Amino acid sequence: MNQITFQDVLQTTTVRGAFKLGERATTPDGREWVYVKANSLLALGSIAVPDAVTAVDACSSSQDNQSRNRFITKASAGWTVGQFEDAWGVVDDGTGAGQVFKIQTNSVDTLTLYPEYALSTALSVSDSDITIRTMAEVDKAAITSKVQQAVGVAQVAFAASEYGWLLTNGEGGILVGEVLTIGAGVTTGDDTTGQGQKAITAEGPFDAQLIGISLVANAAADQVALCRILIR
């Protein structure tokens, strides 16, 4: 895993720069981070979750010059160039269903797959459907739901469309909607977007995703608590 500086993780930028979306790295203190694009404003301590999936119907595929099925095309898709870089996808219906792939980049209508993820079965425009998941384009956690695939926690504020690092493992702040006690777990599901709430006894991983453990209680509701963040 790459190592980054403290300056890197405490600033955001309007351009992606040298880091890849979804890239993981550590700071010299051993904490772990993931590089993302915020699709909406994230306050300091906000829990971030993946943006909505993209479902694409009636796709075809074509081969590169080594006869590998590396190109998936959707006529008149109108995508932003590069918006699915390093995203994952699955053929979820029709010809070729069940194949999982990773996207290297995309044009306005064609996905280019990494060679290692070339499709073994070609797609048919008559019935092949795919769904794309961009884990590193994020929004604030929604209200009420305790299972949201949290990606990380913002340790600086992000404006919409800014790039930066989210903390995934190590000591940091989580914005929590209620007062915690030391040692209490934090999950998503508060009544304010982006905020966590106290974990409930006897909930397992299928009921709620554990975001972190409180190290220092927050002084009041809707404030940041110092936690050991534990997102995998």
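Serine 161 is partly exposed, with a relative accessible area of 41% (buried means under 20%, exposed over 50% and partly exposed in between, with a 1.4 Å probe and protein chains only). This is a predicted model, in which local features need pLDDT of at least 70 and side-chain atom pairs count only at pLDDT 80 or more, while totals for chains, interfaces and linings use all residues. Residues are numbered from 1 along each chain as its sequence is written, and side-chain values use heavy atoms, with hydrogens and water left out. Here is a friendly tour, by topic.

**Backbone: positive phi angles**

- Serine 161 has a positive phi of about 75° although it is not a glycine.
- Serine 161 sits in the loop between β13 (152–154) and β14 (strands are DSSP runs of E with at least two residues, helices are runs of H or I with at least four, and both are numbered from the N terminus).
- Alanine 58, which is not a glycine either, has a positive phi near 55°.
- The loop between β5 (54–56) and β6 (60–63) holds alanine 58, which is partly exposed at 27% relative accessible area.

**Salt bridges**

- You will find seven salt bridges in the structure (a side-chain nitrogen of Lys or Arg within 4 Å of a carboxyl oxygen of Asp or Glu).
- As background, side chains of opposite charge can pair when their charged atoms come close.
- Arginine 16 pairs with glutamate 85, with 2.4 Å between the closest N and O atoms.
- Because arginine 16 lies in the loop between α1 (6–9) and β2 (24–26) and glutamate 85 in the loop between β7 (69–73) and β8 (88–93), this pair ties together parts that are 69 residues apart in sequence.
- Arginine 16 counts as partly exposed at 29% relative accessibility, whereas glutamate 85 is buried at 18%.
- Glutamate 32 and arginine 232 meet through their side chains in a salt bridge of 3.5 Å, N to O.
- That pair links distant parts of the chain, 200 residues apart: glutamate 32 is in strand β3 (residues 32–38), and arginine 232 is in the segment after β18 (223–230).
- Glutamate 32 is partly exposed at 22% relative accessibility, while arginine 232 is exposed at 76%.
- Arginine 228 and glutamate 171 form a salt bridge whose closest N and O atoms are 3.1 Å apart.
- Here strand β18 contributes arginine 228 and strand β14 (residues 163–176) contributes glutamate 171, so the pair links distant parts of the chain, 57 residues apart.
- Arginine 228 is partly exposed at 31% relative accessible area, and glutamate 171 is partly exposed at 37%.
- Salt bridges also link Asp64, Arg68 and Arg70 in a network.

- The largest pocket has a volume of about 300 Å³ (on a 1 Å grid over the protein atoms alone, a pocket is an open set of points with protein on both sides within 12 Å along at least five of seven lines, and lining residues have an atom within 4 Å of a point).
- Of the 20 residues that line the largest pocket, Arg24, Val34, Met135, Ala136 and Val151 are the closest to its centre.
- Grid points are joined across faces, edges and corners, and a volume is the space filled by probe spheres set on the points.
- Nine nonpolar, five polar and six charged residues make up the lining of the largest pocket (Ala, Val, Leu, Ile, Met, Phe, Trp, Tyr, Cys and Pro count as nonpolar, Asp, Glu, Lys and Arg as charged, and the others, Gly among them, as polar).
- The second largest pocket has a volume of about 170 Å³.
- Residues lining the second largest pocket include Arg16 and Glu85, the two partners of the 2.4 Å salt bridge described above.
- By class, the second largest pocket is lined by three nonpolar, four polar and four charged residues.

**Surface patch and a buried strand residue**

- Trp88, Val100 and Tyr117 make a nonpolar surface patch of about 260 Å² (patch residues have over 30% relative accessible area and no salt bridge, and nonpolar side chains are joined within 5 Å; areas come from the Shrake-Rupley method with a 1.4 Å probe).
- Valine 100 belongs to strand β9 (residues 100–106) and counts as partly exposed at 49% relative accessibility.
- Isoleucine 130, in strand β11 (residues 129–133), is buried at 1% relative accessible area.
- The C-alpha atoms of isoleucine 130 and glycine 89 are separated by 6.8 Å, although these residues are 41 residues apart along the chain.

Note on methods: Patch = residues over 30% accessible without salt bridge, like charges linked within 9 Å, V, L, I, M, F, W, Y side chains within 5 Å. 1 Å grid on protein atoms, 1.4 Å probe; cavity = no way out; pocket = protein on both sides within 12 Å on 5 of 7 lines; lining within 4 Å.
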